[in-house]
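Have a look at the structure first.

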Amino acid sequence: MMSGYLPLLAGLLIATPAAHADSMPDITGVWATGSEGGKVEIYRCDDALCGRIVDADALRENPDQLDVRNSDRSLRDRRLDGLVVLQDFSGGPREWEGGPVYDPQSGDGARNGELRLREDGSLEVKGCVAFFCRTRVWTRAD
């Protein structure tokens, strides 16, 4: 009699990890940065997460807009469209660490950054240089 329950029990045990994985937060997708109409797509890059610019007011006016505010003069000829601004973030399910982080609006970057998914579904993006940190809150755009 007990042997009839074994396949059912085995099926439940196998299904549980998949169901649990579906409930884990996933920050991949497009996020509104709240600054200059910016949107960044967070995507998988190898075993980590990265983010690239996919939209901004300046890009709608001029799709060939360059990274003119970059503090490194040698990088000012890069196009903003598709520019990677978040690199090599790992962790989860609600917090990730990585870097570098780049803000094309100010032209500043940070070697290290943190991403934190808040309870309301928004994403805190934090970059620090020495003891000075700046945090922005992004919202889902997709």
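Which loop is Pro-93 found in? Pro-93 is in the loop between β4 and β5 (95-98), where strands (E, at least two residues) and helices (H or I, at least four) are DSSP runs numbered from the N terminus. Keep in mind that this is a predicted model, in which local features need pLDDT of at least 70 and side-chain atom pairs count only at pLDDT 80 or more, while totals for chains, interfaces and linings use all residues. Residues are numbered from 1 along each chain as its sequence is written, and side-chain values use heavy atoms, with hydrogens and water left out.

**Confidence**
- The protein averages a pLDDT (the predictor's confidence in each residue, from 0 to 100) of 85, and 83% of the residues score at least 70.
- Confidence is highest in strand β1 (residues 29-32), at a mean of 98, and lowest in helix α1 (residues 5-23), at 40.
- Residues 5-22 have pLDDT below 50, and beyond near neighbours in sequence this stretch makes zero contacts in the model (contact means heavy atoms within 4.5 Å).

**Largest pocket**
- The largest pocket holds about 660 Å³ of space; a pocket here is an open set of points on a 1 Å grid over the protein atoms alone, where a 1.4 Å probe fits, with protein on both sides within 12 Å along at least five of seven lines.
- Grid points are joined across faces, edges and corners, and the volume is the space filled by probe spheres set on the points.
- It has 38 lining residues (those with an atom within 4 Å of a point), and closest to its centre are Tyr-102, Asp-103, Pro-104, Gln-105 and Arg-134.
- β10 (132-140) is among the elements that supply at least two lining residues, and β10 gives the largest share, six residues.
- By class, the lining of the largest pocket has 20 nonpolar, ten charged and eight polar residues; Ala, Val, Leu, Ile, Met, Phe, Trp, Tyr, Cys and Pro count as nonpolar, Asp, Glu, Lys and Arg as charged, and the others, Gly among them, as polar.

**Second largest pocket**
- About 160 Å³ of space lies in the second largest pocket.
- Its lining has 13 residues, with Asn-70, Leu-75, Arg-78, Tyr-102 and Gly-109 nearest the centre.
- Two or more of the lining residues come from each of β4 and β7, with β4 giving the most, three.

**Charges over rings**
- Arg-52 has its charged end over the ring of Tyr-43, 3.9 Å from the ring centre (the rule wants NZ of Lys or CZ of Arg within 6 Å of the ring centre and within 35 degrees of the ring normal).
- Arg-78 does likewise with Tyr-102, at 5.4 Å from the ring centre.

- Gly-92 and Pro-93 are joined by a cis peptide bond, with omega about 10°.
- Another cis peptide bond links Gly-99 and Pro-100, with omega about 15°; Pro-100 lies in the loop between β5 and β6.
- Asp-46, in the loop between β2 and β3, isn't a glycine but has a positive phi of about 60°.
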